[in-house]
Amino acid sequence: MGRAGRGGGAMSCRDSVQVPDDSDFGAFRAQCEAERGWSLSYSKGGVAVWVQPPEPHAAPHKIKCRMECGEVAAETLYDVLHDTQYRARWDPNVIQTFDIARLTANADIGYYSWRCPKPLKNRDVITLRSWLPMGSDYIIMNYSVKHPKYPPRKDMVRAVSIQTGYLIQGTGANSCTITYLAQVDPKGSLPKWVVNKSSQLLAPKAMKKLYKACLKYPEWKQRHQPHFKPWLYPEQCQLPPMALSELSLQHAESLENIDESGLDEAREEASDEDSLN
């Protein structure tokens, strides 16, 4: 599901690396709340998934997943999505995740790599992530960039996150709703079973794991630097600063395309927790 929402903002037509502004956050929120153009592909146990197929020869399909979270405050969910130290403990898909540099008080650059369903190659991304608290609601959103010190690796496929993020909406003192919106180019001609599995199985399972992680987070955080939350308190940030001019946009067409369309799903105990984005 990406690094704390690492992926893309609502700015699919950007032509340079920019930190999102209020209009970008507003556009992202509108997409999360929109109904027109989306078709429901899964609905069970408080989790729903919609897909938006691409136009011919257009960008990759979009996926939207929404979950009702009882017994979890919006601010707890927001903390869990930000906390990279905790992520490694609950996310079975993560291979490696770390923050690289700070851009502003509410934007940074980071790396995230994840396991894909066998027999596909694993993927990774470098992204610009930004976040915005809005009372009892929160947005975390991101998009792919190129960092001079982190080129594509030989053992991974460098994916491109066009627009990915989370809208968290408080519904009570101890309840919230989370909407995950993703448009990711996984680079590669993927077999149809991967796309179907991603929307019907992987996204709901990932959401449920996230929910369980939120229930356990307050107790865990009490034992691990309970007051260290640089996403809430920018003065705590220990990342080196970086100028936007050192970054460039990561365009999908500039990366090697891997043809995996002929691969069959692994017969072995394929981990349903594996995730594509």
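Q: Is Asp137 buried or exposed in this predicted model?
A: Buried means under 20% relative accessible area. Asp137 has 12% relative accessibility, so Asp137 counts as buried.

Q: Which residue forms a salt bridge with Asp137?
A: Look for a side-chain nitrogen of Lys or Arg within 4 Å of a carboxyl oxygen of Asp or Glu. Here the partner is Arg29, and the closest N and O atoms are 2.7 Å apart. The pair links distant parts of the chain. Arg29 sits in helix α1 (residues 22–33), Asp137 in strand β7 (residues 137–146), and 108 residues separate them.

Q: How is Arg29 classed by relative accessibility?
A: The partly exposed class lies between the buried limit of 20% and the exposed limit of 50%. Arg29 is at 21%, so Arg29 counts as partly exposed.

Q: How many salt bridges does the structure hold, and what are the N and O distances in the pairs Asp91 with Arg87 and Arg153 with Asp155?
A: The structure holds ten. In the pair Asp91 and Arg87, the closest N and O atoms are 2.9 Å apart. Both Asp91 and Arg87 are buried. In the pair Arg153 and Asp155, the closest N and O atoms are 2.8 Å apart. Arg153 counts as partly exposed at 32% relative accessibility. Asp155 also counts as partly exposed, at 46%.

Q: Which residues do salt bridges that share partners join into one network?
A: Shared partners join Arg29, Glu33 and Asp137 into one network.

Q: Why is strand β7 described as largely enclosed?
A: Count the residues under the 20% cut-off. Nine of the ten residues of β7 are buried, so the rest of the structure largely encloses this strand.

Q: Which strands pair with β7?
A: Strands pair if there are at least two bridges between them. β6 joins β7 through eight bridges, running antiparallel. Trp131 stands opposite Ile140 in β7. β7 also runs antiparallel to strand β9 (residues 160–172), with six bridges. There, Asn142 has Thr164 of β9 as its bridge partner. Strand β11 (residues 248–249) is joined to β7 by two bridges, again antiparallel. Lys146 stands opposite Ser248 in β11.

Q: What lies between β6 and β7?
A: The two strands form a hairpin with two residues between them. Gly135 in the turn has a positive phi of about 70°.

Q: How many residues of strand β5 are buried, and which lie on each side?
A: Eight of the eight residues of β5 (residues 107–114) are buried. One side carries Ala107, Ile109, Tyr111 and Ser113. The other carries Asp108, Gly110, Tyr112 and Trp114. Both faces are covered.

Q: What are the pairing partners of β5?
A: Strand β4 (residues 94–104) pairs with β5 in the antiparallel sense over eight bridges. Thr104 stands opposite Ala107. β4 and β5 form a hairpin with two residues between them. Strand β6 (residues 123–134) pairs with β5, also antiparallel over eight bridges. Asp124 in β6 is the bridge partner of Ser113.

Q: Which residues form the positive surface patch, and which helix gives the most to it?
A: Patch residues have over 30% relative accessible area and no salt bridge. The patch consists of Lys44, Lys205, Lys208, Lys209, Lys212 and Lys216. Helix α4 (residues 192–223) gives the most, with five residues. Lys208 lies in that helix. Lys208 is partly exposed, with a relative accessible area of 34%.

Conventions:
Residues numbered from 1 in each chain as written. Predicted model: local features only at pLDDT ≥ 70, side-chain atom pairs only at ≥ 80, totals over all residues. Heavy atoms only, no water. Patch = residues over 30% accessible without salt bridge, like charges linked within 9 Å, V, L, I, M, F, W, Y side chains within 5 Å. Areas by Shrake-Rupley, 256 points an atom, 1.4 Å probe, with all protein chains shown as cover. Lys, Arg positive; Asp, Glu negative; His and termini not counted. Charge placed at Lys NZ, Arg CZ, Asp CG, Glu CD. Helix = DSSP H or I, 4+ residues; strand = E, 2+ residues; numbered from the N terminus. Buried < 20%, exposed > 50% of the residue type's maximum accessible area, 1.4 Å probe, protein only.
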